[in-house]
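This report covers a two-chain model. Please look over the sequence and the structure before reading on.

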Amino acid sequence: MDLTGKKVTLHDMSLRDGMHAKRHQLSLEQMVAISTGLDDAGIPLIEVTHGDGLGGSSLNYGFPAHTDEEYLNAVIPKIKNAKVSALLLPGIGTVDHLKMARDCGVSTIRVATHCTEADVSEQHIGMAAKMDMDTVGFLMMAHMVSAEKILEQAKLMESYGANCIYCTDSAGYMLPDEVSEKIGLLRSELNPNTELGFHGHHNMGMAIANSLAAVDAGANRIDGSVAGLGAGAGNTPLEVFVAVLDRMHANHGVDLYKIMDVAEDLVVPLMDQPIRVDRDALTLGYAGVYSSFLLFAQRAEAKYGIQARDILVELGCRGTVGGQEDMIEDLALTMAKEKGLI
Amino acid sequence: MSKKLKAVIIGPGNIGTDLLMKMQRSEWVEPVWMVGIDPESEGLKRAKEMGMKISSTGIEGMLDQVIKDDIRVAFDATSAYVHAENSRKLNELGVIMVDLTPAAIGPFCVPPVNLKKHASQLEMNVNMVTCGGQATIPMVAAVSQVQDVEYGEIVATVSSRSIGPGTRQNIDEFTRTTAGAVEAVGGADRGKAIIIVNPAEPPLMMRDTVHCLTKEKPDQAAITASVHNMVKEVQKYVPGYKLVNGPIFDGNKVSVFMEVEGLGDFLPKYAGNLDIMTAAGLRTAEMFAEEAYNGTITLPERG
């Protein structure tokens, strides 16, 4: 694989996807410290919101320590060079949240839908594009359908006004060949000016390999997270990916030592649990289940005595998609009843 | 007078057709007109075969027949954009409007919670909220009828096949309208609504989760009784409304997990979300008919 001179835009997820791993409890001070550290290290784009995006604050996903607005207003004024992005899942957040984020100084909006439901994003993508924001269509759980289906849905998002399309491995299920095939097809069929991105999870230990495959196949934006702080076994660990890109002479613009230090000095100490491929995270990847289900399944295990692994596998069999966190307790209750535990 | 109110259905799509099939079994409402805008549409052809008078030029094509045919109630299953005009023109002629669009000009109506009040006051336009609202607001109300609810949140998961292009293009309207009705009808101080679209095959049954935060420690026995009672009330018009788990109590949080199976009239059984809208709409008109028959309300006079 020759990535010499390839331009890769790295996008940090620790303050958004990492919120899942922190049960949305990062403090304003932690957010500011990490984001200014990333900014200083040369990371060009940093995502900040509730783990489930704008408007994610809920009993279903967890109430955060602060509102999206408070986080954005704390972080954005402190950053010198980086831009800040916000995630929005139609059905959870609305265009009102989108406008709020823009008013706070967010420059990139990423509108996320399940990989077959792009047509729920028309009003949000359209609005962001109309406001001249960097507008990204984010197709989640992309392992669940064929490359052709991803292309069809990507074209819808492109037609609504997205200037960048993501193939998102929300379950950390994909292997590199699948990433190459999907990104490759998008690259050959979408508008040449449309950027492509890849968002990985490390549940099968493939996040770095998959991200490299994505760059090789034509993606120029890669999501990762400093120290891997993210849902499941975490996202592509950015400091590792930076070192790999360095060795491959790709053009990423990040200071390796500085990002190593952000990972080690700021992020690792605040982790509530090690972010690693434990048996439950591995089950997410193996069974193709949405990564943020991990802690919910572990809590259901503690409460109802049903193994998290069994709950996750059953959720995979039922074809659950991102956002269906409510099914976890519901299913655990049903399984516990069947086993006569309650 | 005959006890049945004669009706016009506007919009011969999935909702309108399902409504027509349910109405043909009603003791209180008699379907007479089906209104569309495309003479070639399957829905209008189907309605004609089912013995309905049809207009293919919108309600303009039947307004002069309203008095002659003694049309008393209208169901609008079109879109928020045209609903206001439809409602104004039909209300002027003394026709009660049941609004199945997200327009929400009139007050929200969730039958087991506030229908009786609307009917006794002869509200001339009532809005049926959203499918997610019909499935969940009775549960929020079941809790708030026992004690104060400071926050109510609903999560509706529907199969991809059961939601049409209108809802998809304006999904924010679903979340806003539903959240508003969780407050206005459910009785929560603050409401939030989330909708998830799931493409699994075979399609999944509509699932709904309702979480409430009570102000004081929840009275578990009273809330459990109230929830079970409310489930029975909804089952009177949606037999497939089912309590799967709960109520579960965790501190001040009360959680209820529901499943809604449709009757499978025109829409498949998994589309409980559409079924609960049509069933609630029809139930609403039936209540107006019952109240008129009993003399509790007097329908607008006609010369």
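Which residue with a positive phi follows α4(B)? Leu122(B) does, with phi near 50 degrees.

## Model and confidence

This is a predicted model. The predictor assigns the complex an ipTM of 0.96 and a pTM of 0.95. Chain B has a mean pLDDT of 95. In chain B, 99% of the residues reach 70 or more. Where pLDDT is low, predicted coordinates should not be read in detail.

## Helix α4 of chain B

Helix α4(B) spans residues 111-120. Its buried residues are Pro111(B), Pro112(B), Val113(B), Leu115(B), His118(B) and Ala119(B). They pack against β6 (125-127), α5 (131-144), α8 (220-235) and α9 of chain B.

Two packed helices are described by the angle between their axes and the distance between the axes. For α4(B) and α9(B), residues 272-293, the angle is about 40 degrees and the axes are 9 Å apart. The crossing is right-handed. From α4(B), the contact takes in Pro111(B), Leu115(B), Lys116(B), Ala119(B) and Ser120(B). From α9(B) come Ala280(B), Arg283(B), Thr284(B), Met287(B), Phe288(B) and Glu291(B). By class, six residues of this contact are nonpolar, two polar and three charged.

Pro300(B) is 178 residues away from Leu122(B) in sequence, yet their C-alpha atoms are 9.3 Å apart. Pro300(B) belongs to the segment after α9 of chain B. Pro300(B) counts as partly exposed, because it has 13 C-beta neighbours inside 10 Å.

## The side of chain B that touches chain A

How many residues of chain B are in contact with chain A? There are 25, and they meet 24 residues of chain A. Seven elements are listed here as each giving at least two residues to that side of chain B: β7 (149-159), α6 (165-169), α7 (171-184), β8 (188-198), β9 (206-214), β10 (241-250) and β11 (253-260). Strand β8(B) gives the most, with six residues. The side divides into 10 nonpolar, nine polar and six charged residues.

## Cis peptide bonds in chain B

Most residues other than glycine have a negative phi, and most peptide bonds are trans. The bond from Glu201(B) to Pro202(B) is cis, with omega near -5 degrees. Pro202(B) sits in the loop between β8 and β9 of chain B.

Gly246(B) and Pro247(B) are also joined by a cis peptide bond, with omega about 0 degrees. Pro247(B) lies in strand β10 of chain B.

## Positive phi in chain A

Met141(A) is not a glycine, but its phi is positive, about 55 degrees. Its place is the loop between β5 (134-140) and α6 (147-160) of chain A. Is Met141(A) buried or exposed? Met141(A) is buried, because 24 other C-beta atoms lie within 10 Å and the cut-off for burial is 20 or more.

Ala227(A) is another residue other than glycine with a positive phi, near 65 degrees. Ala227(A) is in the loop between β8 (221-224) and α9 (238-247) of chain A. Ala227(A) counts as buried because it has 26 C-beta neighbours inside 10 Å.

Glu264(A) is in helix α10 (residues 256-267) of chain A. Glu264(A) counts as partly exposed, because its C-beta neighbours inside 10 Å number 13. Val226(A) is 38 residues from Glu264(A) along the chain, with 9.1 Å between the two C-alpha atoms.

Helix α13(A) covers residues 308-317. Buried here are Ala308(A), Ile311(A), Leu312(A), Glu314(A) and Leu315(A). They lie on the same side of α13(A), because they cover an arc of only 165 degrees around the axis. An α-helix has 3.6 residues a turn, so residues three or four places apart point the same way. The cover over the buried residues of α13(A) includes α11 (279-287), α12 (293-304) and α14 (326-338) of chain A. Just after α13(A) comes Gly319(A), with a positive phi of about 70 degrees.

Conventions:
Residues are numbered from 1 along each chain as its sequence is written. Chains are lettered from A and ligands numbered from 1 in the order in which they are written. This is a predicted model: local features need pLDDT of at least 70, side-chain atom pairs count only at pLDDT 80 or more; totals for chains, interfaces and linings use all residues. A residue is buried if 20 or more other C-beta atoms lie within 10 Å of its own, exposed if 12 or fewer, and partly exposed in between; C-beta atoms are placed from the backbone. Helices (H or I, at least four residues) and strands (E, at least two) are DSSP runs, numbered from the N terminus. The arc is that of the directions from the helix axis to the C-beta atoms. Two residues are in contact if their C-beta atoms, placed from the backbone, lie within 7 Å. Ala, Val, Leu, Ile, Met, Phe, Trp, Tyr, Cys and Pro count as nonpolar, Asp, Glu, Lys and Arg as charged, and the others, Gly among them, as polar. pLDDT is the predictor's confidence in each residue, from 0 to 100. Axes are lines fitted to C-alpha atoms, for helices over the stretch in contact, and angles run from 0 to 180 degrees between N-to-C directions. A crossing is left-handed if the near helix is turned anticlockwise from the far one by less than a right angle, and right-handed if clockwise.
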